[in-house]
Amino acid sequence: MNATGAPRLISVVIPVHQGAPELRRCLDAIAESDVPREQMEIVVVDDASTDASAVIAGQYADTVIRLSGRPRGPAYVRNRGVELARGDVVVTVDADVCVHRDAIRRMVERLDADPAVGAVVGTYDTMDVGRSIVSDHRNLYQAYRRLRAEGDVDAYWPACGAVRREVLTEVGPFDEWHYWRPQAEGAEFGRRIRRAGHRIVLDPRIQGTHLKSWTLIGTLRTDFANHALPWARLLFHAGDLARVRTPSFGWREKTNAMLTVLTVFVLALRVRWPSTGMTAFVASCIVAMLVGYGSFLRFALRHRGVFRAALFVPLQVARYLVAVMAIIVGWLLHHLVGEPRRDVRDDALAEVGLQTWPPVPTRLPSDSWHLPPGGRLADSISHITAARS
């Protein structure tokens, strides 16, 4: 219920790009939610897809926004959906995630239970959707980390999360100027929520099934370029690498990363300078690394069995090596380049002071993005222009 006693309206915003098959399953899952349909509005924003995404969205959604031209990325796309959303709670769901029947209700209940909670996020479940071993490892590991991280976190998770509209209005939209690909826009958005004095709570009972299929090269490239590196640059810029509260940078993850690098390093030394002592040292490092992996391997053993858990070990090694490489590169970029920069086209517009949507000359202050529920694009443009003058 909202402040007037009327039923709460929940806006579910879903960005999609070339995701027609998964989008249908995503929308089917939302349609089966235990939240009454009349209390939900579904807003799908099609990011210049050339498949049937918009057609499928039209069969389920209250509002479908079709963007033309080049794809703009999920931060830009979510912002366009939020502009037209009318709910006082905004739920964000990725187009390749099937939320559980109770997920949206649990999000709203968690927000209603504590006014200090400005946003709530969930987790992937442990379901094997029959994709590749790489996909299964990635999804299961995401579930493992989040199922063990209940409580306050520093990052918002747009794949399955909810934020109060007044909090979103206070802190501003997703940063579509720095993040024009799926990168660290959720982490940056979460940091602004936390700095504004609101809590972000991870509730592992809020779950969804991830449908995305991954290849080994694709997952390593994505982990490095779109996840770990932008995260590292953001944290180095803020000076929070050691203090951040998120499943990706917990003490266990840092320890396992160091053990992995040490093991690979001494193994390389053993190949170059073979000796009995070096062999024993390599064996000790491997044992220590596997002990560090032990908690996840037991989790995988319970959910997938011995054979698949064993196959996950080299994938864990590769994941940690990529993460450490990203931190090193992020540190170098932080000292050599500085803060992550906007797209050069945005900076070119800024140089001539051109007023466009989205506004590019400066990042908006936290109190400049006041979009009323149900506000339209023209309303938001006029409001921001007034805020600047």
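This briefing covers salt bridges and a nonpolar surface patch. The model is predicted: local features need pLDDT of at least 70 and side-chain atom pairs count only at pLDDT 80 or more, while totals for chains, interfaces and linings use all residues. Residues are numbered from 1 along each chain as its sequence is written, and side-chain values use heavy atoms, with hydrogens and water left out.

**Salt bridges**

- The whole structure holds 23 salt bridges (a side-chain nitrogen of Lys or Arg within 4 Å of a carboxyl oxygen of Asp or Glu).
- R80 and E176 form a salt bridge with an N to O distance of 3.3 Å.
- R80 lies in helix 3 (residues 74-84) and E176 in the loop between helix 6 (165-171) and helix 7 (185-195), so this pair ties together parts 96 residues apart in sequence.
- D154 and R194 are joined by a salt bridge at 3.2 Å, N to O.
- D154 is in the loop between strand 7 (151-152) and strand 8 (160-164), and R194 is in helix 7, 40 residues apart.
- D128, D136, R304 and R308 are linked in a salt-bridge network.

- R80 is buried at 6% relative accessibility (buried is under 20% relative accessible area, exposed over 50%, partly exposed in between; 1.4 Å probe, protein chains only).
- E176 is also buried, at 6%.
- D154 is buried at 13%, whereas R194 is partly exposed at 26%.

**Nonpolar surface**

- I328, W331, L332, L336 and V337 make a nonpolar surface patch of about 500 Å² (residues with over 30% relative accessible area and no salt bridge, nonpolar side chains being joined within 5 Å and like charges within 9 Å).
- V337 is partly exposed, at 36% relative accessible area.

Note on methods:
Areas by Shrake-Rupley, 256 points an atom, 1.4 Å probe, with all protein chains shown as cover. Helix = DSSP H or I, 4+ residues; strand = E, 2+ residues; numbered from the N terminus.
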